[in-house]
Amino acid sequence: MSLLPRVPSRSTLTSAAGNVAHKVMYGGIADLRPMPKALIDEGWLREVYRYRPVAGVTQVGDPVLLVPPLAAPALCYDLRRGCSLVEHLVSTGRPTYLVDYGQISFRDRSMGIEHWVDELLPEAIRAVSRDAGGRPVHVAGWSLGGIFATLAVADAPDLPVASLTIFGSPFDVTRVPLVAPFRPLVDFTNGRIITTGYQLIGSAPKPIVKWVFQLSSVDKVLTKPWAIATHLGDTDFLAQIEAVDHFTANMTAYPGRSFGQLYHRFFRSNVMMDGRVEVGDRFIELDRLTVPTRIFAGATDAIAPVKSVEAIVPLLSSAEEVRFDIVPGGHLGMLTGRAARRTTWPMFDEWMRDHDGRVSGVTSR
């Protein structure tokens with residue numbers, strides 16, 4: 001095998017020159033225009049949007065509500081044209097909705113996770129159902145959004161939910177190697193160092209959130225210059241890198257109290273594996289969740305490794321149906337990476353079609 005670098009073809013050189021010129025002249029290659037949407041409901045840190053249907057495409061099936069995590073921008077579902085889960089959904093005729101939390105500020109520091117579980121998500125689900133003519137809602141959450149959606153649906157069996165889909169949610173944090181190096185420090189100080197920090201600041205600041213996300217793919221960060229240099233002729237590859245950079249730059253802070261609850265209950269105590277989570281003045285039992293549930297894990301996800309996601313399966317003992325699948329990609333890639341177009345998205349489509357029309361535990365065809 002020759003060790004000499006392969007000489008690029010003329011077409012590759014032409015594409016590379018075009019990409020470089022486009023970058024210089026227009027500042028980027030990726031089409032970052034958001035899919036058009038309209039506000040249908042709002043409240044404190046809650047904006048619910050309906051995405052505009054594609055002209056000429058008939059809407060079919062029950063609506064889907066996309067639930068983002070805290071700190072990560074809602075554009076995770078609408079990363080860029082050509083690699084947007086939202087764009088894909090509306091192009092297939094699926095009525096598509098999004099709940100957005102907006103910008104978290106210091107004034108929101110006292111907000112706890114009960115706001116998301118007790119108020120925000122149930123209200124968003126009901127608003128979508130009303131807007132869609134009373135139809136049940138397919139609820140889909142990524143990362144922490146999947147955890148919050150799980151708790152909300154388990155706590156309120158009367159919500160109009162057709163199915164629940166979880167993308168890359170780390171339910172068992174003891175199976176996340178990324179946090180292992182920090183556990184000795186946390187145990188030694190009984191958590192006081194981190195607790196004092198978020199109490200003084202009032203939040204988990206945006207730079208820290210961004211740093212943790214980048215730490216999960218530090219190998220890609222280090223090799224990024226070389227990857228770009230060797231893919232100058234690959235427009236889709238370069239556009240994806242730009243879109244991920246745009247996503248990372250738009251991360252927000254965690255409210256101080258919510259971060260504290262997540263830190264002490266999830267990170268330190270790993271409460272999800274007890275099958276019951278204290279929220280507000282009561283416990284939510286995971287075995288109260290009855291709706292069909294689909295769980296996706298990314299094969300190379302460092303933030304939510306496969307085992308940490310799969311751990312929830314035996315705890316959903318009352319669910320009408322539970323399916324678990326491993327798909328290509330890391331934490332963001334498994335949701336809206338280039339490979340997701342051929343793997344995660346078609347599987348998600350099929351899942352929703354199979355459970356359209358579900359009423360009171362019965363799926364009607």
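**Sheet, helix and rings**

Helix α4 lies across β3 (64-67), β5 (137-142) and β6, and runs at about 140° to β5. Contact means heavy atoms within 4.5 Å. Axes are lines fitted to C-alpha atoms, for helices over the stretch in contact, with angles from 0 to 180 degrees between N-to-C directions. Helices (H or I, at least four residues) and strands (E, at least two) are DSSP runs, numbered from the N terminus.

This is a predicted model: local features need pLDDT of at least 70, side-chain atom pairs count only at pLDDT 80 or more, and totals for chains, interfaces and linings use all residues. Residues are numbered from 1 along each chain as its sequence is written, and side-chain values use heavy atoms, with hydrogens and water left out.

Q: What is the order of the strands in the open sheet of 8 strands?
A: Two strands pair if DSSP finds at least two bridges between them. The edge strands, β1 (37-43) and β12 (322-327), each pair on one side only. Pairing is mixed, and the order is β1-β2-β4-β3-β5-β6-β11-β12.

Q: Do β6 and β11 run parallel or antiparallel?
A: Leu164 stands opposite Thr293 in β11. With 4 bridges joining β6 to β11, the two strands run parallel.

Q: How many aromatic pairs are there?
A: Rings of Phe, Tyr and Trp (its six-membered ring) pair if their centres lie within 6.5 Å; planes under 30 degrees apart count as stacked, over 60 as edge-to-face and the rest as tilted. By this rule, the count is 5.

Q: Why is the pair of Trp116 and Phe148 tilted?
A: The ring centres of Trp116 and Phe148 are 6.1 Å apart. Their planes stand at 40°, so the pair is tilted.

Q: Which parts does the pair of Trp116 and Phe148 tie together?
A: The two residues are 32 residues apart in sequence. Trp116 lies in α3 (residues 113-131) and Phe148 in α4 (residues 144-155), so the pair ties together α3 and α4.

Q: Is Phe296 buried or exposed?
A: Buried means under 20% relative accessible area, exposed over 50%, partly exposed in between (1.4 Å probe, protein chains only). Phe296 has 0% relative accessibility, so Phe296 counts as buried.

Q: How far is Arg276 from the ring centre of Phe283?
A: A charge sits over a ring if NZ of Lys or CZ of Arg is within 6 Å of the ring centre and within 35 degrees of the ring normal. Arg276 lies over the face of Phe283, at 3.9 Å.
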